[in-house]
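I set out to record in this notebook what I looked up in one model. The entries follow the order in which I consulted it.

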Amino acid sequence: MAQPINSSPITQDLSQVNKKMALRFAKEGWGTQPNWQQVWDELMAPDIIYHFNSLPDKVVGLEANKQFNQDLFVGFPKLKNTIENVVAEDDVVIYRSTLEGKQSGPFLGMPATNKTVRVNDFTMLKIKDGKISEWWYETNLLSVMQQLGLIPDA
């Protein structure tokens with residue numbers, strides 16, 4: 001099978017290594033897994049930068065990111081994350097997931113509703129020197145809030 005013109009075997013190898021790391025992060029580092037914080041210690045740079053849902057402020061640093069995400073998963077302690085697609089090129093990996101779970105605790109300042117949500121999300125990771133150095137995450141929080149009955153459907 002012929003290789004694409006702009007893709008060397010070294011670039012392909014780097015892409016595959018980074019893809020493997022990203023999938024480990026997505027599966028073993030998922031906030032409902034028992035040892036997710038240890039996985040983050042292994043995979044993330046100490047000065048990781050997290051861009052959450054296009055909010056203007058970034059979450060900077062490994063410990064700040066752990067706390068931020070721990071707070072998110074309090075509301076959905078059994079949230080299922082199903083990886084649907086993965087694309088890797090050089091130092092960037094993007095994956096799309098389907099999330100499904102019941103909100104049984106507080107989430108983004110909202111009390112538990114005990115309702116189930118199902119939503120797609122996108123994650124993009126930049127990997128530098130074998131560590132995740134930057135992370136972008138997007139999901140439709142409007143849909144989440146509507147499914148939880150916290151705001152009316154449009």
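**Entry 1: a surface patch.** I began at the surface, where Val 87, Ile 94 and Phe 122 form a nonpolar patch with about 270 Å² of accessible area together. I took patches as made of residues with over 30% relative accessible area and no salt bridge, like charges being joined within 9 Å and nonpolar side chains (Val, Leu, Ile, Met, Phe, Trp, Tyr) within 5 Å. Accessible areas come from the Shrake-Rupley method with a 1.4 Å probe, and for residues only the protein chains shown count as cover. I then looked up Ile 94, which is found in strand S4 (residues 92–102). Ile 94 counts as partly exposed because its relative accessibility is 35%; buried means under 20% relative accessible area, exposed over 50%, and partly exposed in between (1.4 Å probe, protein chains only).

**Entry 2: basis of the values.** I note that the model is predicted, that local features need pLDDT of at least 70 and side-chain atom pairs pLDDT 80 or more, while totals for chains, interfaces and linings use all residues. Residues are numbered from 1 along each chain as its sequence is written, and side-chain values use heavy atoms, with hydrogens and water left out.

**Entry 3: the sheet.** I traced six strands in an open sheet of mixed pairing, in the order S2-S1-S6-S5-S4-S3. Strand S2 (59–60) and strand S3 (80–89) stand at the edges with a single partner strand each, so one side of each is left without a neighbour in the sheet. Strands are DSSP runs of E (at least two residues) and helices runs of H or I (at least four), numbered from the N terminus; two strands pair if DSSP finds at least two bridges between them. S5 and S6 pair in the antiparallel sense over eight bridges. I also looked up Ile 127, whose bridge partner in S6 is Ile 132.

**Entry 4: Glu 134.** I found Glu 134 in strand S6 (residues 131–139). Leaving aside neighbours within four places in sequence, Glu 134 is in contact with Ile 48, Ile 49, His 51, Met 124, Leu 125 and Lys 126, contact meaning heavy atoms within 4.5 Å. The side chains of Glu 134 and His 51 are joined by a polar contact of 2.6 Å. Such a contact is a pair of N or O atoms within 3.5 Å; within protein, one must be able to donate a hydrogen and the other to accept it, and residues adjacent in sequence count only if both atoms are side-chain atoms. Between Glu 134 and Ala 45 I noted 8.5 Å, C-alpha to C-alpha, at 89 residues apart in sequence.

**Entry 5: salt bridges.** How many salt bridges are there? I recorded six, the rule being a side-chain nitrogen of Lys or Arg within 4 Å of a carboxyl oxygen of Asp or Glu.

- Glu 42 forms a salt bridge with Arg 24, the closest N and O atoms being 2.9 Å apart. Glu 42 lies in helix H2 (residues 36–43) and Arg 24 in helix H1 (residues 9–27), so the pair ties together parts that are 18 residues apart in sequence.
- Asp 41 forms a salt bridge with Lys 66, with closest N and O atoms 2.4 Å apart. This pair links distant parts of the chain, Asp 41 in helix H2 and Lys 66 in helix H3 (residues 62–75), 25 residues apart. Lys 66 counts as buried because its relative accessibility is 6%, whereas Asp 41, at 38%, is partly exposed.
- Arg 118 and Glu 100 meet through their side chains in a salt bridge (3.1 Å, N to O). Arg 118 lies in strand S5 (residues 116–128) and Glu 100 in strand S4, so the pair ties together parts 18 residues apart in sequence.
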